[in-house]
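Please keep the sequence and the model in view while reading.

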Amino acid sequence: GVAGALGSIGAAAETAGRALTLGVTAPLMTAAGAAIQTGMQFDASMSNVYGLMSSLNLSQAQMDALRDTAREMGATTKFSASEAADAMGYMALAGWDDAQVIAGIPGVLNLAAAANMDLAKASDIVTDTMTPFGMAAERAGEAADVFAYAQANSNTTVEALGEAMKYAAPTADAFGMTLQDTAAAMGVLANAGIKGSQGGTTLNAMLRDMKNNAKNGAIAIGKTKVALTNADGSYRSYAAIIRDIDKATSSMTASQRDAALGAIFGDESLKGILATLKQGPDALDAMTEGMYACGGAAEDMAATMGDNLKGDLAILESGAQDMAIALSDWLMPAARGVVQGITNMIGKFNALDDGTKNAIFRIGAMAAALALRAFLEGPATAVERARREAGADEPHSVRCPVCGGRLMKRTGVSKK
């Protein structure tokens, strides 16, 4: 009959609704949640950048430019927008302004990709190394190329070279050396197994001992004077000094060479000068020339290392994350409104007196108990039980499912 037909229609509608929920609504809600989570993490990273640059009083346009750059890096490289934002944070810590960060971030990304290392770590290494050499932020790409070339052409890594630079860079700069000169010296030491922090302390000791033992701008290697400075007082190149030391010791026996070098270099630095002379000045010259001619090394290495399916998938994942951020930007105002509304409600509740709070807790407990009872017994059973209890006790009462007392229908009075 009509009732049966309506029942069938209702059942079909219920089935269709359930299928729609499972097949469409639930996946959409999951995607929305994931997008908000991605966007929330990205916004938190960008807020950190803005906070570190707070002294610059960035305009909304400047903040938008930083955010857009981070998203562009995330959409077009193997790194996510959040990772790019974290790298920007390290640049901001180094005192870079918004324009410098935007100019420097591509080179750092290339270095991180070429070295297959954490992006924030690569940013930290580059900025920490550039500072003692007085390199402007716009030269971040140049610094990245030097690190990439050193890793590819000597027995060291970007991270190990960065660690070495912590110990040697300030002294090397004072000795008139550039980042390229220092990286070449480190590369030669690394090829002899002296690398990382050991390489940095060794080079630092070599430069220190030469300066401390110089007289009138020169050191005495046996009977030969090796000039450290030019006529104008500026330092000669490190490679030129090493070549002159090599010439001064070339006709000596091993014991004579060690004695002559030991008069200038202490125990810590002696092993460094011996390792450098062992490879020869030509090796140092070649390494130095390579460092000065390595423009584009980081970008080329990054492209080569990413030219495979794994690299394609990494870029695909980054692009998907950028899409999630775009969806999050659309959803975020509503999500923040809900969160702020709930926070406001909680604040109002916390401001209530204890008596009111306890009354609300009791009402909530009763409601929860009724809901649980209905869930466990089923709505029909719960109603029937309530009717039986009402009839068994008093005609105009019903037993409370929480305390067991009888609630009077007319008066609302509860009695045990």
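Predicted model: local features only at pLDDT ≥ 70, side-chain atom pairs only at ≥ 80, totals over all residues.

Residues are numbered from 1 along each chain as its sequence is written, and side-chain values use heavy atoms, with hydrogens and water left out.

The chain contains 17 helices and five strands; these are DSSP runs numbered from the N terminus, helices being H or I of at least four residues and strands E of at least two. Of its 416 residues, 38% are buried, that is, under 20% relative accessible area with a 1.4 Å probe and protein chains only. Among contacts (heavy atoms within 4.5 Å) with a separation of 6 or more, 65% join residues 24 or more positions apart.

In soluble globular proteins, nonpolar side chains tend to be buried together. Here the largest nonpolar core comprises 93 residues, a core being a set of buried Ala, Val, Leu, Ile, Met, Phe, Trp, Tyr and Cys residues joined through side-chain atoms within 4.5 Å. The largest share of this core, nine residues, comes from α4. M210, Y238 and I245 have the most contacts inside the core. Beyond its neighbours within four places in sequence, I245 touches residues including M210, I219, F265 and L277.

Helix α6 spans residues 140-153. Its 14 residues reach 20 Å from first C-alpha to last, close to the expected 20 Å, which is 1.5 Å times one less than the number of residues. Its buried residues include D145, F147 and Y149, and the buried residues of α6 pack against α4 (98-115), α5 (119-130), α7 (158-174), α8 (179-191), α13 (281-292) and α14 (297-305).

The largest pocket holds about 470 Å³ of space. Of its 20 lining residues, K78, A113, A302, G306 and G311 are the closest to its centre. Helices α2 (60-76), α4, α14 and α15 (309-350) each supply at least two lining residues.

The structure also holds one cavity of 30 Å³ or more, and about 40 Å³ of space lies in the largest cavity. On a 1 Å grid over the protein atoms alone, a cavity is a set of points where a 1.4 Å probe fits but cannot get out, whereas a pocket is an open set with protein on both sides within 12 Å along at least five of seven lines; lining residues have an atom within 4 Å of a point. Points are joined across faces, edges and corners, and a volume is the space filled by probe spheres set on them. The cavity lining includes T156, M186 and K195, and α7, α8 and α9 (196-212) each supply at least two of its residues.

Notes
Buried < 20%, exposed > 50% of the residue type's maximum accessible area, 1.4 Å probe, protein only.
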